[in-house]
Amino acid sequence: MIQITLQKELTAASGIMLLDINIHIQQGTLTTLYGNSGVGKTSILRMIAGLLQPDEGQIIVNQKTWLDTKKGICLTPQQRKIGFVFQDYALFPNMTVKENLLYALEKGQDKEIISQLMHIIELKDLQHQKPNKLSGGQKQRVALARALVRKPEILMLDEPLSALDIKMRAKLQDYILKAHQQFGLTTLLISHDIAEVIKMSDIVLNIENGKIIQQGKPIDVFTTKQVSGKFQFSGEIVEIKKEDIIYIVTVLIGSNFVKVVAEETEVQTMKIGDKIIVASKAFNPLLQKIK
Amino acid sequence: MNVLKGKITAIKTNDSISIVTIQVASIFFNTILIETPDTAPYLQKGNSIKIIFKETEVIIGKGTTHLTSIQNQISGEIINIEKGMLLSKLIIDTTVGKITAIITSDATDQLQLKIGEKITSMIKTTEIMLSQ
């Protein structure tokens, strides 16, 4: 169990914002902080990592106190067992993939973890390459592996996939999930992509203006009107086209496009870029085996 | 999307599937769901609920009596027809409110549907969704 209470006055674009949150996280879960830019998501991760000091707060990770402002306890980032992956990789350019990973080892730590990680995240073929020879997705895989070298108690991912194209994103999401499961990690992810949140997280915290306004399973948080349809996906509208007396709405779901017929009164409430739920009953879709 | 407000009057469950009866005005609608009162807390007799079905899933029958396997039948009067090249949109006035149906224009022609005509709109149990 990880208990986090944090309070801090932050300077946001709109003026002073009071960040005030209270989170309980079960071990082994993947929790996503969801919200617009500037609501305090990154500040929360930085405070958990020890890179930013809260005005008041307490962080207890598996019965160990990392931070307690009342008792004057504040472990340094090095003392907190965390792994951090940023959007911009932050790899050492002069080292090979393997050297980047080796550099992250603690003194006296068994090197076995490196080959284990290279196996899970499929880096064996890239191990002697330098970062400038790698694609964005490959670099992010190395950054992920490096964050896991010290077997962190909390893995933190700050929009790690937002610089990647959609195909690469889906692949990286799978690597993150694989590592999360195989190492039994407790993971905190920042994302503002609903499809990603739904795919990745056990729990989502919807953050607005420094406060958690909603939390729960992603499908419950993002489906305001719960529809009974069992065939449900969330996606983004990419095209709305009138044809004959109906409209055809094209929706991007993950990396797939689907087309849905809609009626004028429905289309009036929608515009391109809107996040929507596509729902149908479990009785309607056909299943056909791929030859 | 046709949305009607009603009340749950009966729930018949077997394993994980339920057939739920919802009363909207004087009409009873049936829907089949992969849910039970255990998995979906809103499935309780007396609860208010919305039923949802797509315009393209409404079947139109001329006249008022039809012997079919379709469980949900509401008689009404066509109050508007918007005819396109391939498809037609019908607005039907019924005791549960206005229902929109989208059918092929060929069907509109073959049935010689006109404004003011008495018809029956039918929706299969597998086409009705519930929403709180």
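This is a predicted model: local features need pLDDT of at least 70, side-chain atom pairs count only at pLDDT 80 or more; totals for chains, interfaces and linings use all residues.

**Two helices in chain A**

Helices α4(A) and α5(A) run roughly parallel to each other. The axes of α4(A), residues 136-148, and α5(A), residues 166-182, cross at roughly 15 degrees and come within 10 Å; angles under 35 degrees count as roughly parallel, which is why the term applies. The crossing of α4(A) past α5(A) is right-handed.

Which residues meet here? From α4(A) there are Gly136(A), Gly137(A), Gln140(A), Arg141(A), Leu144(A) and Leu148(A). Facing them in α5(A) are Met168(A), Lys171(A), Leu172(A), Tyr175(A), Ile176(A) and Ala179(A).

Let me turn to the contact between the chains. On the chain B side, 24 residues are in contact with 16 residues of chain A. The elements of chain B that each supply two or more residues are β3 (27-33), β7 (87-94), β8 (97-104) and β10 (129-131). That side of chain B divides into 12 nonpolar, seven polar and five charged residues.

Is Ser43(A) buried or exposed? Ser43(A) has 21 other C-beta atoms within 10 Å and is therefore buried, the cut-off being 20 or more. Leaving aside residues up to four places away in sequence, Ser43(A) touches Lys8(A), Leu10(A), Leu19(A) and Leu52(A). Of these, Lys8(A) is 35 residues from Ser43(A) along the chain, and their C-alpha atoms are separated by 9.2 Å.

Definitions and conventions. Residues are numbered from 1 along each chain as its sequence is written. Chains are lettered from A and ligands numbered from 1 in the order in which they are written. Axes are lines fitted to C-alpha atoms, for helices over the stretch in contact, and angles run from 0 to 180 degrees between N-to-C directions. Helices (H or I, at least four residues) and strands (E, at least two) are DSSP runs, numbered from the N terminus. Angles under 35 degrees count as roughly parallel, over 145 as roughly antiparallel, 65 to 115 as roughly perpendicular and the rest as oblique. A crossing is left-handed if the near helix is turned anticlockwise from the far one by less than a right angle, and right-handed if clockwise. Two residues are in contact if their C-beta atoms, placed from the backbone, lie within 7 Å. Ala, Val, Leu, Ile, Met, Phe, Trp, Tyr, Cys and Pro count as nonpolar, Asp, Glu, Lys and Arg as charged, and the others, Gly among them, as polar. A residue is buried if 20 or more other C-beta atoms lie within 10 Å of its own, exposed if 12 or fewer, and partly exposed in between; C-beta atoms are placed from the backbone.
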